[in-house]
Amino acid sequence: MGEYKVYNCAALHAPPEAYGRAPEDPVRWTIPVEGMHCASCVARVEKALAAVPGVLSSSVNLATKSATVEALPGIADREALRAAVAGAGYSVPEVKEGEDPLARQERMQMEEERSLLSRLRLGVALGVPLFLLAQWEMLAGPGRMPFPPHVSALIQLLLVTPIQFYVGSRFYRGAVAAARHGTTDMNTLVALGTTAAFAYSLAATFFPGAFSVGGVAAHVYYDTSAAIIVLILLGRYFEARAKGKTSDAVKKLIGLRPRTARVIREGAETDIPLEGVVTGDSVVVRPGERIPVDGTVTAGAGAVDESMLTGEPIPSEKSQGSVVTGGTMNLNGRLVFTATGVGKDTVLARIVRMVQEAQGSKPPIGRLADVIASWFVPAVLGTASVTFLAWWAFGPQPKLTYAMLSAISVLIIACPCALGLATPTSIMVATGKGAELGILVRSGAALETAHKVQTVVFDKTGTVTRGRPELSAIHCAPGGIFRGPEGERELLALAAGAETGSEHPLGESIVRGAKGRGISPVSPAEFSSMPGQGIRAVVSGRTVHIGSPKWLQESGIDAGPLLPDAQRVSQDGSTPVFIAVDGKAAGVAAVSDEIKETAPEAVRALRGMGIEVVMLTGDNPRSAMAMAARAGIDKVRAEVTPDRKADEVRRIQSEGKVVAMVGDGINDAPALAQADVGMAIGTGTDIAVEAGDIVLMSGDLRGVATAIALSRAALRNIRQNLFWAFAYNVVLIPVAAGVFYPSFGVLLNPVLAAAAMGLSSVTVVSNALRLRRFRPASFIRPGGIS
């Protein structure tokens with residue numbers, strides 16, 4: 001499920017010892033890259049970085065204008081990467097010390113927009129009078145030109161020269177850099193097209209006789225060259241503005257961090273910059289303030305809004321011992337906590353890092369644009385050459401003019417900008433939207449694979465269920481001394497008192513159940529336990545035995561009267577706990593791991609999407625089926641030991657199905673890794689989260705359906721982008737070449753070609769931004785970043 005990257009095979013196969021160094025763990029660097037404009041640029045930078053010794057893989061993202069490199073430290077370094085990028089004709093801007101990557105990207109974005117806008121203003125200021133002068137007779141009527149034709153041409157030359165060589169200088173720089181390396185890109189196409197129009201017009205200005213046909217002076221096309229440059233820059237400006245919005249979700253996440261924190265130092269509360277908080281500091285948060293870092297509450301109580309983390313709108317109650325997360329909002333109550341995670345080690349920082357890595361990753365579908373870009377520009381140059389020669393050989397007079405204009409139109413219309421933006425912009429917006437909904441997609445590959453999921457496999461404990469056993473009922477023994485509701489409360493009080501000294505999860509559930517029913521357990525006067533069997537205690541002068549039927553039998557107590565109730569409890573999916581008082585069978589406590597409230601809705605949603613749902617559990621088949629029925633799951637794999645979970649996933653995959661595994665525990669990690677898509681519950685263990693391709697920050701299983709729906713929406717959006725990028729070229733290149741001129745008299749003006757080319761890129765980015773309006777199905781409560 002790895003993302004598509006360019007690999008350096010030599011670095012992969014040559015061990016570090018081959019370089020005379022000790023082996024080190026690979027590191028991942030993300031570097032900004034300036035000067036990229038299309039898919040061809042991406043392919044060239046990736047190839048240059050992959051060729052650096054020690055680089056294991058490189059992935060370049062056009063939307064974020066950055067490159068992510070996995071390399072062996074000590075063999076590869078940042079200077080070597082910078083040199084490789086420069087050698088490919090691009091640049092790595094200076095990174096300010098301690099500057100946040102997102103702030104750097106935003107700074108570069110603003111600088112790019114300012115540069116484009118200043119050149120656009122000059123281009124428009126000179127281009128408008130140039131256009132009016134070139135089209136004067138068409139606008140004012142024949143014979144109304146105030147200047148002779150050669151004077152008009154000279155004035156146009158003066159106006160167009162700054163546009164050609166200053167406003168359009170970036171095209172020349174890019175084309176020259178590409179030519180130095182024996183390659184071509186979209187800058188080559190624009191530079192060739194505009195230079196051809198400029199050079200033709202320049203020759204016609206100073207040698208008009210050489211281009212006149214039938215005594216009619218040759219027309220100059222300075223306005224065409226200027227319009228092409230200005231329109232393409234205008235398209236890039238709108239594109240840059242639109243691309244800036246694709247990282248809004250990450251900006252919102254980073255905006256959750258307060259700038260300062262209130263800490264207790266030397267007995268006094270002091271406000272310090274957030275960067276000054278260190279692990280172990282005592283941090284104070286008042287009502288209405290955001291929690292600055294991660295920590296554990298040591299004093300106070302309050303309700304905390306964690307919707308940014310989990311997407312769950314209901315506040316979470318916090319008291320002594322509770323864990324709090326940086327970026328969440330303290331709604332009421334004063335909290336004092338010890339900082340346990342600061343800086344890059346906070347949950348929020350890890351979320352931001354995961355989202356940024358996913359936005360910079362490339363899904364397998366992204367290969368399509370890269371492969372096409374490798375031959376696209378040379379093919380366009382070839383098409384333009386054939387177009388020129390065909391018009392020169394078979395076109396009407398003036399042949400040279402028709403040949404030049406048609407070739408220019410082909411060069412301009414076929415820029416692969418839209419192709420390079422089709423995939424990364426959609427990935428950026430979709431992963432950002434997922435973060436808003438409490439769904440962290442860790443890579444573009446995971447986002448793509450999720451839309452193909454046919455079977456979702458749920459682990460039972462902690463995923464479908466709460467992961468904590470709870471007392472569901474007390475059944476008194478038939479004909480026993482405890483009868484009716486009062487008898488049940490009395491029996492529960494004795495059992496809870498006996499279990500007060502126990503550390504067993506089932507015993508703790510009985511104590512919690514008693515307290516939840518308003519019963520205050522009395523501590524036992526005597527207590528002893530037999531691991532794996534049960535306990536014996538003396539509570540309020542009465543001897544209580546709790547455990548398995550075998551434990552009661554070994555203690556000389558007949559458990560027979562309790563067996564019918566125990567069997568019914570088992571059939572309902574609960575665990576029976578046998579209770580005896582004063583040497584006689586007294587009752588059965590039913591303890592069950594309750595299913596999550598949202599599980600049935602989540603299962604219904606998945607089945608409504610045409611997805612098969614399977615539950616894995618170590619329980620016996622009868623208990624497993626009872627629990628699955630309550631969640632609405634009809635396919636169960638029971639008595640599956642933890643080490644066999646991955647085998648069960650593999651078995652389903654062998655049936656030709658694409659499988660998503662949902663789990664939360666350490667023993668789920670191998671199955672999560674085996675599945676085509678691993679979905680980890682963010683409230684689970686760190687190991688499970690690390691093994692997941694998609695992380696559901698809350699325990700709400702409805703997030704599984706939302707993640708798959710988001711994946712489907714993203715892939716649909718990418719396909720739309722690729723379709724429009726391809727269709728645009730497939731339809732308009734023949735028009736630009738003049739294929740339809742003999743039959744229909746249709747010929748594409750180069751100015752219109754430039755406008756259409758700019759529009760194609762803006763269309764692709766705008767279409768990707770539609771994903772920001774993605775809403776989960778009606779069964780999902782809205783939450784996340786507000």
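Let me begin with a definition: a residue is called buried when its relative accessible area is under 20%. The model I am presenting is a predicted one, and that cut-off applies directly to my opening example.

Ser-322 has a relative accessibility of 17%, so this serine counts as buried. Its place is in the loop that links strand 10 (316-318) to strand 11 (323-324). What does Ser-322 touch, once neighbours within four places in sequence are set aside? The contacts are Gly-295, Thr-296, Val-297 and Glu-317.

I turn now to the nonpolar cores. The largest comprises 74 residues, and the members touching the most others are Leu-49, Val-456, Phe-458 and Ile-694. Helix 27, residues 702-737, supplies the largest share of this core, with 9 residues. For Leu-49, again leaving out neighbours within four places in sequence, the contacts include Ile-31, Val-55, Val-60 and Val-69, together with Leu-81 and Val-85. Ser-58 is also on that list, as are Ala-67 and Ala-84.

Seven strands make up an open sheet with mixed pairing, and their order is 14-26-25-24-15-22-23. Which strands stand at the edges? They are strand 14 (439-441) and strand 23 (635-637); each has a single partner strand, so one side of each lacks a neighbour in the sheet. On average, and ignoring direction, neighbouring strands here are turned by 20 degrees against each other. Within strand 23, Val-636 is the bridge partner of Met-615.

Finally, the aromatic residues. The model contains 9 aromatic pairs. In one of these, Phe-165 and Tyr-172 have ring centres 5.8 Å apart and planes at 25 degrees, so the pair is stacked; the cut-off for stacking is under 30 degrees.

Technical notes. Residues numbered from 1 in each chain as written. Predicted model: local features only at pLDDT ≥ 70, side-chain atom pairs only at ≥ 80, totals over all residues. Heavy atoms only, no water. Phe/Tyr/Trp six-rings, centres within 6.5 Å; stacked < 30°, edge-to-face > 60°. Core = buried A, V, L, I, M, F, W, Y, C linked by side-chain atoms within 4.5 Å. Buried < 20%, exposed > 50% of the residue type's maximum accessible area, 1.4 Å probe, protein only. Helix = DSSP H or I, 4+ residues; strand = E, 2+ residues; numbered from the N terminus. Contact = heavy atoms within 4.5 Å. Pairing = 2+ DSSP bridges. Axes fitted to C-alpha atoms, helices over the stretch in contact; angles between N-to-C directions.
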